[in-house]
Amino acid sequence: MLTDIEIAQSAKMLPIKEVAAKLGILEDELEFYGKYKAKMSQELINRTKSNPDGKLILVTAINPTPAGEGKTTTTVGLGDAMSLLGKKCLLALREPSLGPVMGVKGGAAGGGYSQVVPMEDINLHFTGDMHAITAANNLLSAMIDNHIHQGNQLDIDVTNIVWKRVLDMNDRALRNVVVSLGGKINGIPREDGFMITVASEIMAILCLASDLNDLKKRLGDIIVAYNRSGQPVTARDLKAEGAMTVLMKDAIKPNLVQTLANTPCFIHGGPFANIAHGCNSVIATKLALKMADYVITEAGFGADLGAEKFMDIKCRFAGLKPDAVVVVATVRALKYNGGVAKADLKIPNVEALKKGIVNLKKHIENMQKYNVPVVVAMNRFDTDSDEELKLVMDACAEYGAECSLSEVFAKGGEGGLDLAEKVLHAIETIPSAYAPIYDVEASIPEKINTIVREIYGGKGAVFTTKAAKQVKQLEELGLDKKPVCMAKTQYSLSDNPALLGRPEDFEITVSKVRVSNGAGFIVVETGDIMVMPGLPKEPAANRIDIDEDGVITGLF
């Protein structure tokens with residue numbers, strides 16, 4: 001079989017204006033980035049805002065494993081299947097980060113015959129949104145240090161600056177740095193650090209802002225430091241929000257591309273789900289709902305991370321009400337959760353599958369707690385035995401979720417027709433009564449413990465002394481009545497990546513609590529979570545190359 005990039009490079013793409021025409025978008029409402037990419041204009045948003053909303057479908061997954069689950073591939077294949085069934089469908093996905101593309105995970109544009117294209121562009125610089133976020137973030141950093149150097153009228157406590165610089169790359173050497181070395185002319189030396197761009201609060205703000213004015217307000221609300229009296233200092237205090245918004249004026253506009261089957265797709269925003277809220281932009285999702293009968297979106301990593309944040313943060317802020325959830329799994333990944341080594345996953349093992357399927361059961365239960373119908377998509381492999389597949393199908397029926405054997409990787413939309421029909425049936429027969437699982441007016445510990453108990457299945461949270469002090473400070477400042485965004489390992493329901501399956505009787509250790517005031521939520525760091533990843537021993541960048549004709553290889 002051809003590689004993903006070979007399949008993508010042989011795709012017959014339509015000019016993006018023809019893809020837009022399928023949605024009723026006028027050429028004058030597009031801002032072209034070459035022949036196959038375009039941004040959506042404010043004129044389009046204004047023209048369609050009174051249109052009725054379509055149905056919203058969320059695709060999530062079990063906890064990721066080295067075996068792979070194929071969440072984005074399923075999302076794309078489901079969209080193409082909906083189109084084959086004659087439904088007016090639009091995808092709403094996240095933008096990939098260069099860090100994972102060059103690191104270990106690879107790109108995020110789907111796989112096989114269920115991809116979005118142009119794949120190389122999407123996985124690399126795309127339309128420059130990531131660079132705009134990086135520039136706006138680092139402009140704010142520069143203005144903080146310049147303000148201190150120029151006399152520090154805001155009395156910023158240089159030991160309590162909470163804003164970090166960012167880079168859209170995996171670079172562990174930048175996690176902790178010292179800036180302003182080299183004498184007085186270079187500023188006041190202090191400890192600093194870098195996060196990956198997708199963990200920046202500005203990325204979260206981009207994805208939660210409703211329009212340009214809201215973006216500017218949220219950027220101004222960012223708390224960058226505390227003064228020596230313990231009061232917050234904001235980007236607005238530094239008069240930085242105007243220039244930051246100027247840098248973001250194009251990045252806030254959704255990007256339109258297409259699938260291999262020419263199904264329209266918005267790709268906009270890309271926060272990680274383990275250290276950020278893991279969803280594409282509210283603007284793209286809400287515009288998609290005005291332009292299509294069915295909108296399919298995804299949330300990063302497993303349902304304990306991205307989907308929980310989609311339900312408790314994104315939907316709460318945006319007033320969205322999902323109509324169905326698709327949980328993606330594979331027999332191989334479930335056997336891995338049952339204790340089988342990666343090298344042995346192709347060997348049928350019903351007993352291991354029985355042990356590992358509890359992970360799928362927990363994720364189904366979690367999504368059902370939001371009162372939304374759930375369908376399971378089992379990505380089928382030729383090594384799956386009939387006995388294994390029957391076990392999963394029977395278990396899903398017992399758990400109250402329909403199950404479809406999906407073959408979209410190998411067959412594109414044709415391999416997802418059964419899944420599409422089951423999702424449509426769920427939407428038509430089971431009314432969604434979506435509701436978040438906690439009240440934002442609850443205390444920070446109450447909100448955290450609700451997530452730990454209800455979503456992770458643990459006993460509760462324990463707070464380090466540092467984290468407890470940070471909670472108290474946020475309460476004293478009146479910044480505690482916000483949703484919480486949990487930063488946790490994606491590999492386990494717990495904060496210990498080695499605890500697979502469905503661990504019980506564990507506690508989550510809260511190591512740090514900070515407010516993303518512009519985004520509107522409280523970030524809760526657990527365990528040993530890193531906000532700046534590192535490269536593996538053999539990074540994907542080692543395999544990526546380009547020939548004299550400009551043909552890229554090794555991107556997947």
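## A methionine in a loop

Met169 lies in the loop that runs between strand S8 (165–167) and strand S9 (177–179). In this predicted model, the residue is partly exposed, with a relative accessible area of 27%, a value that falls between the 20% and 50% limits and therefore counts neither as buried nor as exposed. Once its neighbours within four places in sequence are set aside, Met169 is in contact with Leu98, Gly99, Met102, Ile196 and Met532. Its C-alpha is also 9.0 Å from that of Met195, a residue 26 places away in sequence.

Ala38 belongs to strand S2, which covers residues 38–40, and it is buried, with a relative accessible area of 1%. Apart from neighbours within four places in sequence, the residues in contact with Ala38 are Ile16, Leu30, Glu31, Phe32, Tyr33, Pro254, Asn255 and Leu256. For Ile16, which is 22 residues away along the chain, the separation between C-alpha atoms is 6.9 Å.

## Nonpolar cores

The largest nonpolar core contains 134 residues, and Leu140, Ile222, Leu360 and Val392 are those with the most contacts inside it. When neighbours within four places in sequence are left aside, Val392 is in contact with Val331, Leu334, Leu353, Ile357, Leu360, Met378 and Cys403.

## The enclosed cavity

The model has 1 cavity of 30 Å³ or more. The largest cavity has a volume of about 40 Å³, and its lining is made up of Glu95, Pro96, Ile122, Leu124, His125, Phe126, Asp129 and Met130. In terms of class, these lining residues comprise 5 nonpolar, 1 polar and 2 charged.

## Helix H17

Helix H17 spans residues 417–429, and its 13 residues reach 18 Å from the first C-alpha to the last, close to the 18 Å expected at 1.5 Å a residue. The buried residues of H17 are Leu419, Ala420, Lys422, Val423, Leu424, Ala426 and Ile427, a list that includes a lysine.

## Backbone features in loops

The peptide bond leading from Val117 to Pro118 is cis, with omega near 5°, and Pro118 itself lies in the loop between strand S6 (114–117) and helix H6 (119–123).

Positive phi values are found at Lys239 and Asp505, neither of which is a glycine. Lys239, with phi near 60°, is placed in the loop between strand S13 (232–234) and helix H10 (241–247), and it counts as exposed because its relative accessibility is 70%. Asp505, with phi of about 55°, is located in the loop between strand S21 (484–487) and S22, and at 61% relative accessibility Asp505 likewise counts as exposed.

Terms used. Residues are numbered from 1 along each chain as its sequence is written. This is a predicted model: local features need pLDDT of at least 70, side-chain atom pairs count only at pLDDT 80 or more; totals for chains, interfaces and linings use all residues. Side-chain values use heavy atoms; hydrogens and water are left out. A nonpolar core is a set of buried Ala, Val, Leu, Ile, Met, Phe, Trp, Tyr and Cys residues joined through side-chain atoms within 4.5 Å. Buried means under 20% relative accessible area, exposed over 50%, partly exposed in between (1.4 Å probe, protein chains only). Contact means heavy atoms within 4.5 Å. Helices (H or I, at least four residues) and strands (E, at least two) are DSSP runs, numbered from the N terminus. The expected span of a helix is 1.5 Å times one less than its number of residues. On a 1 Å grid over the protein atoms alone, a cavity is a set of points where a 1.4 Å probe fits but cannot get out, and a pocket is an open set with protein on both sides within 12 Å along at least five of seven lines; lining residues have an atom within 4 Å of a point. Grid points are joined across faces, edges and corners, and a volume is the space filled by probe spheres set on the points. Ala, Val, Leu, Ile, Met, Phe, Trp, Tyr, Cys and Pro count as nonpolar, Asp, Glu, Lys and Arg as charged, and the others, Gly among them, as polar.
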